[in-house]
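Colleague: I would like to go through this structure feature by feature. Please put it up, and we can start with an aromatic side chain.

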Amino acid sequence: MAGLEGKVAVVTGSSSGIGQSIAIRLAGEGAAVVIDFRGHRDGAEETQQKIAASSGRSIIVQADVSRVVDTQNLIDQAWQQLGGCDILVNNAGIEKGSDFWDTPEADYDAVLAVNLKGPFFLTQAFVRKLRDAKKSGRVINISSVHEDMVFPHFATYCASKGGIRMLMRDLAVELGPLGITVNNVAPGAIATPINQAMMSDPAKLNPLLRNIPLGRLGTREEVAGLVAYLASEEAAYITGSTFVIDGGLMRNYHEQ
Ligand code: NAP
């Protein structure tokens, strides 16, 4: 895989889970990384320490991606402190479960704001700078198998991830002439804090594992490897696609 030396990457939600592993991997490929967090500065500092341990370069910026002013600042900081921004990984995400008929408006607003509005306006800020500088770029959204697959009792999550599937397809066409590629990475079940409750409950974990042909959860590092490929020179001709990484789950799913 070609290296990312001289590139700058923003990774949202890189204080935990998949985003942390993506930040570490992209830095390992040579990119300078903007580590974003919302609530857990300790997690962001852990990411930075791990990057520094491999002689990588990073800065930490607090940004709530659901706030447009914060998304603008995230991109501004990349340009001011690191000299540009070539790669945007829209990873930050939340989920809230409830029966559809009981779902509160506040949950809808929170999930759609982080998972869809955030990537929309952060990508807008990213693109405006690249357009003005006449530079190419990469947008990689961490969506989910639920951009395509049902998830009963998580209608807000499905709506947000389905939305980002069409946003990706639309932007791939609109931004192609600017030399900006847009793709989604759609993980299945990955071992991260978002799944902690499920992973520690055998009654929930075991039926899920029976649904996964490869018989295990995926790792954060496996997702990060796919993102690193999509950010690399070798992926220069790829745009408008979703890359599923799920151990075969999508082809073999049965709701219990
Ligand atoms: P996680 O460990 O819970 O981490 C979520 C990250 O998002 C944290 O760094 C958190 O920051 C950040 N975040 C949340 N709200 C934010 C906001 N408003 N602004 C900025 N950052 C915010 O989750 P994960 O499992 O790694 O999930 C990462 C992405 O992968 C999500 O989009 C998720 O939907 C997707 N995904 C995960 C799985 C899976 O099985 N784990 C499967 C499919 C898709 P703070 O902690 O600092 O607040």
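Colleague: Is F154 buried or exposed?

Modeller: Buried means under 20% relative accessible area, exposed over 50% and partly exposed in between, with a 1.4 Å probe and protein chains only. F154 has a relative accessible area of 18%, so F154 is buried. The model is predicted: local features need pLDDT of at least 70, side-chain atom pairs count only at pLDDT 80 or more, and totals for chains, interfaces and linings use all residues. Residues are numbered from 1 along each chain as its sequence is written, and side-chain values use heavy atoms, with hydrogens and water left out.

Colleague: How is a pair of aromatic rings described?

Modeller: By the distance of the centres and the angle of the planes. Rings of Phe, Tyr and Trp (its six-membered ring) pair if their centres lie within 6.5 Å; planes under 30 degrees apart are stacked, over 60 edge-to-face, and the rest tilted. The whole structure has 3 aromatic pairs. One of them, F151 with F154, is stacked, at 4.1 Å centre to centre and 10 degrees between the planes. F151 and Y157 have ring centres 6.2 Å apart and planes at 80 degrees, so this pair is edge-to-face. F151, F154 and Y157 make up one aromatic cluster. Within it, F151 is partly exposed at 21% relative accessibility, while Y157 is buried at 9%.

Colleague: Which residues come nearest to the ligand?

Modeller: A residue is near a molecule if one of its heavy atoms lies within 4 Å of it. Of the 32 residues around the ligand, S16, H40, Y157, T192 and N195 come nearest. The shell divides into 14 nonpolar, 14 polar and 4 charged residues.

Colleague: How many disulfides does the structure hold?

Modeller: A disulfide is a covalent bond between the sulfur atoms of two cysteines. The cut-off here is a pair of cysteine sulfur atoms within 2.5 Å, and the structure holds 0. C85 is buried, with a relative accessible area of 1%, and C158 is buried at 18%.

Note on methods. Nonpolar A, V, L, I, M, F, W, Y, C, P; charged D, E, K, R; others polar.
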